[in-house]
Each structure stands twice: as C-alpha cells, then as structure tokens.
Amino acid sequence: MSTSAGDRELGQRIEEFVAEHMHNVDLSVDDIAEAMCMSRSTLFRSMKRIYGVNPNEYLRQRRLSYAADLLQQNKYTISDICLLVGFNSPSYFSSCFKKQYNVLPKDYRGR
C-alpha cells in the first residue's frame, strides 16, 4: 500500500467499508465510491495507486481471502461461506476461488 498519510487513511476507510458490506452480493464499485465521497473514476485511480488493482479485483480478492479464513475454521458449509462473502452462485465462487488459490474450496478446507 502507498505510504502517504492520505492514501493510508483512504485505504483504511475502504477496507472498513468493504468488511462491513462484504456479505452484500450487490455491493458495487459505485457503492464504494459513494461511501468514499468520490467519483467512480477517482476511486479507480486511487485504488490502483494504493493496492495495485482496480476496485472490482480488490473486492474479489478480499471476499476470497475472507472465504479462505472461513474455510480454515471449518464452521460453515461451502454454500454458507459463499453467501457470507457475497457470492450468490456457488459455482462462480468455486471458479474464482480455484483461480485465486489453484485449489477448489472443498480441497482448501482439507489442508
């Protein structure tokens, strides 16, 4: 993440907002931009500078990272985890998870 104080503060605000709303399958870049009081294009530039990825990729990575944590806890079914992290399709969730971690969620749990 970038080292400027403004970027650190914005990054923290983005992370908190996403964490609070991650379960919402309808969470969009526009929602994040509105919550940060900036335009969509400014959000794209800022997130690219801070995280090195666009807002959509950031959101997907955060959701998958949280899903990986939940899978390790072994408290929820994969379908439940899918919904808890904001995916409304288990097959799409599995596809994204495999692309990110090179393993299916059910196999990740057994690690």
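Biologist: Is Phe97 buried or exposed?

Modeller: Please bear in mind that this is a predicted model. A residue counts as buried when its relative accessible area is under 20%. Phe97 has a relative accessible area of 0%, so this residue is buried. Phe93 also counts as buried, at 0% relative accessibility.

Biologist: How is a pair of aromatic rings described?

Modeller: Two quantities describe such a pair: the distance of the centres and the angle of the planes. In this model the count comes to seven aromatic pairs. One of them joins Phe87 and Tyr92, a tilted pair with 5.7 Å from centre to centre and 50° between the planes. Phe87 is buried, at 6% relative accessibility, whereas Tyr92 is partly exposed, with a relative accessible area of 43%. Phe93 and Phe97 have ring centres 5.8 Å apart and planes at 50°, so their pair is tilted as well.

Biologist: What separates Phe93 and Phe97 along helix H6?

Modeller: They are four residues apart in H6, which covers residues 90-101, so about one helical turn lies between them.

Biologist: Which residues form the aromatic cluster?

Modeller: One cluster is made up of Phe87, Tyr92, Phe93, Phe97, Tyr101 and Tyr108.

Biologist: How should I read the span and the sides of helix H6?

Modeller: For the span, one sets the distance between the end C-alpha atoms beside the expected value. H6, with 12 residues, reaches 16 Å from its first C-alpha to its last, close to the 16 Å expected at 1.5 Å a residue. For the sides, one looks at where the buried residues point. Phe93, Ser94, Cys96 and Phe97 are the buried residues in H6. They cover an arc of only 165° around the axis, and therefore lie on the same side of H6. Ser91 and Lys99, on the other side of H6, are exposed.

Biologist: Which helices do the buried residues of H6 pack against?

Modeller: Their partners are helix H4 (55-73), helix H5 (78-84) and helix H7 (105-109). Just after H6, Asn102 takes a positive phi of about 60°.

Biologist: Which residues have the most contacts inside the largest nonpolar core?

Modeller: They are Ile14, Val85, Phe93 and Phe97, in a core of 30 residues. Helix H1 (5-21), helix H2 (29-35), helix H3 (40-51), H4, H5 and H6 each give two or more residues to this core. H4 gives the most, with seven residues. Leaving aside residues up to four places away in sequence, Val85 touches Met22, His23, Arg63, Tyr66, Ala67, Leu70 and Phe93.

Biologist: What is the reach of H4, and which of its residues are buried?

Modeller: H4 has 19 residues and reaches 27 Å from first C-alpha to last, close to the 27 Å expected at 1.5 Å a residue. Its buried residues are Pro55, Tyr58, Leu59, Arg63, Leu64, Ala67, Ala68, Leu70 and Leu71. These buried residues of H4 pack against H1, H2, H3, H5, H6 and H7.

Biologist: How many disulfides are found in the whole structure?

Modeller: The search finds zero disulfides. Cys96 is in none, and the nearest cysteine sulfur, that of Cys82, is 9.7 Å away; a disulfide would need the two sulfur atoms within 2.5 Å. Cys96 is buried, with a relative accessible area of 8%, whereas Cys37 counts as exposed at 70% relative accessibility.

Notes:
Residues are numbered from 1 along each chain as its sequence is written. This is a predicted model: local features need pLDDT of at least 70, side-chain atom pairs count only at pLDDT 80 or more; totals for chains, interfaces and linings use all residues. Side-chain values use heavy atoms; hydrogens and water are left out. Buried means under 20% relative accessible area, exposed over 50%, partly exposed in between (1.4 Å probe, protein chains only). Rings of Phe, Tyr and Trp (its six-membered ring) pair if their centres lie within 6.5 Å; planes under 30 degrees apart count as stacked, over 60 as edge-to-face and the rest as tilted. The expected span of a helix is 1.5 Å times one less than its number of residues. The arc is that of the directions from the helix axis to the C-beta atoms. Contact means heavy atoms within 4.5 Å. A nonpolar core is a set of buried Ala, Val, Leu, Ile, Met, Phe, Trp, Tyr and Cys residues joined through side-chain atoms within 4.5 Å.
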